[in-house]
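Good morning, and thank you for coming. Please look at the structure on the screen while I describe how its parts are arranged.

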Amino acid sequence: MSKVLIRAMVLPMTGSDRFYPRGEVCIENDRIVSVGELGSSPSGFLPDRILDLPNDVVMPGLINTHTHAAMTLLRGYADDLPLMPWLKEKVWPFEDKLTDEDIYWGTSLALSEMIRSGTTTMLDMYASMDQVAEAVIKAGTRAVLSRGLIGNGPNGEKALQESLDLFQRYQGAGAGRVSVMFGPHAPYTCSAEYLKKVIAEANRLGVGIHIHVAETLDEINIIQEQYQKTPVQWLDDIGLFGGHVVAAHCVHLTSNDMEILARQHVCIAHNAESNMKLNSGTAPIVELRSRGVVVGLGTDGASSNNNLDLFGEMRSAAFQQKLRMDSTVLPAYEVLEMATVAGAQTLGLDDVGMLAPGFKADLITIDMDQPHFYPRFSIPAHLVYVAHAGDVRTVMVDGKFLMEERKVLTMDVHKVCQEAESRAKRISAELNG
Ligand SMILES: [Zn+2]
């Protein structure tokens, strides 16, 4: 039994009018027991541990709804290139050299960065997902994992089998912190026949599907040429949107596409910074949200971002839509919702993303006693427009502390950095001499 009491400014993300300037959160084992004003803890609640952080905001941990964690190993390896040369000449040859162990350490690097920037949950898509799962279990975070499936490639069938194995081995692992989705890569890398197989398996096992959709104009042209449809129309026609689906990017959409996504309750992983860096375009997030579509935030992989900092992502997502439309769209609180409540919905997790009784104790505290946070007119505005990764003081997942006073407790960050450095440099040397 462990009982923790956190006294701080509380932003529970249960409604824009809810904020406790002097509040407290009670946690028992892995769950939140109560949230409210100072002194609101249930009678008889005797904490083993009290955190007095009156100048910190405590809020739900941030949720990264689309990433390729192990791609941290490619951070800074290939930048400022057009999309296709970037992929074909730099990213894919590098990825061909990755061993299972490299992926473990690359993922661990991503997870240590995520913990230090207040991200408690990710939706990942990559290969060697057993290694990713082990890294997540060790780090103590929460994750939904999808084996990337290139149906048109030589390993399409093998990768599908690996998805089934991943489900068998890791669904519910790490005391329930790990779950599995299927990860068909994109409409232009999977045939209809292959996708139908994936859909059947996902339905049989009751798990979701995580796919890149309408990311670039190239993709729109390829699918138009092949099927005379938009990617969204085509996926809808083959039945992909029947179950829970996370569509990453969705940059280039027609209004009919948006109607389909809304009608089929498809959730969107919005990756503003990756879309900017790769010159993919600006996703119509305001229009999607106005149709009731759930939109979470993602960083995408570290080779197209190049960090995994969701605070930066919130700021970029807000500013990008304001630039495209007008300054009133996507106010700060709504952006915070995208990074928390809507992120949880996107991942199909119904007991994280808010601080509320009965919810999992996945939370972070942010040190607001720093020059860049004064004067403190609006906490939501400060969190979206001012805060950055380094402001996170405390991270808790499933009731366990993963970071205190900026020290990561579950992994040896120095060792992770050294391993990542030597492995990335080894691959670079193999490729470039
Ligand atoms: Zn991606």
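This is a predicted model: local features need pLDDT of at least 70, side-chain atom pairs count only at pLDDT 80 or more; totals for chains, interfaces and linings use all residues.

Let us begin with the zinc ion. Which residues coordinate the zinc ion? They are His66, His68 and His212, each through NE2, and Asp300 through OD, at 2.1 to 2.5 Å. Along the sequence, these donor residues follow the spacing H-x1-H-x143-H-x87-D. The angles among the four donor atoms run from 84 to 172°, and the site is irregular.

Are His66 and His68 buried or exposed? Buried means under 20% relative accessible area. His66 has a relative accessible area of 0%, so His66 is buried. His68 stands at 9%, and therefore His68 also counts as buried.

The contact involves 28 residues from domain 1 and 29 residues from domain 2.

The size of an interface is often given as the accessible area lost when the parts come together. Here, about 2,300 Å² is buried between domain 1 and domain 2, with carbon and sulfur atoms giving 68% of that area. On the domain 1 side, Met13, Val384 and Tyr385 lose the most area to domain 2, together 29% of what that side buries.

Finally, the polar side of this interface. Between domain 1 and domain 2 there are two salt bridges, and six residue pairs are in polar contact.

Key. Residues are numbered from 1 along each chain as its sequence is written. Side-chain values use heavy atoms; hydrogens and water are left out. Donors are N, O and S atoms within 2.8 Å of the metal (3.2 Å for Na, K and Ca); water is not among the atoms, so sites may look incomplete. Four donors count as tetrahedral if all angles lie between 85 and 135 degrees; four count as square planar and six as octahedral if opposite donors are over 155 degrees apart and all others between 65 and 115; anything else is irregular. Buried means under 20% relative accessible area, exposed over 50%, partly exposed in between (1.4 Å probe, protein chains only). Contact means heavy atoms within 4.5 Å. Buried area is the accessible area (1.4 Å probe) that two parts lose on being put together, summed over both. A salt bridge is a side-chain nitrogen of Lys or Arg within 4 Å of a carboxyl oxygen of Asp or Glu. A polar contact is a pair of N or O atoms within 3.5 Å; within protein, one must be able to donate a hydrogen and the other to accept it, and residues adjacent in sequence count only if both atoms are side-chain atoms.
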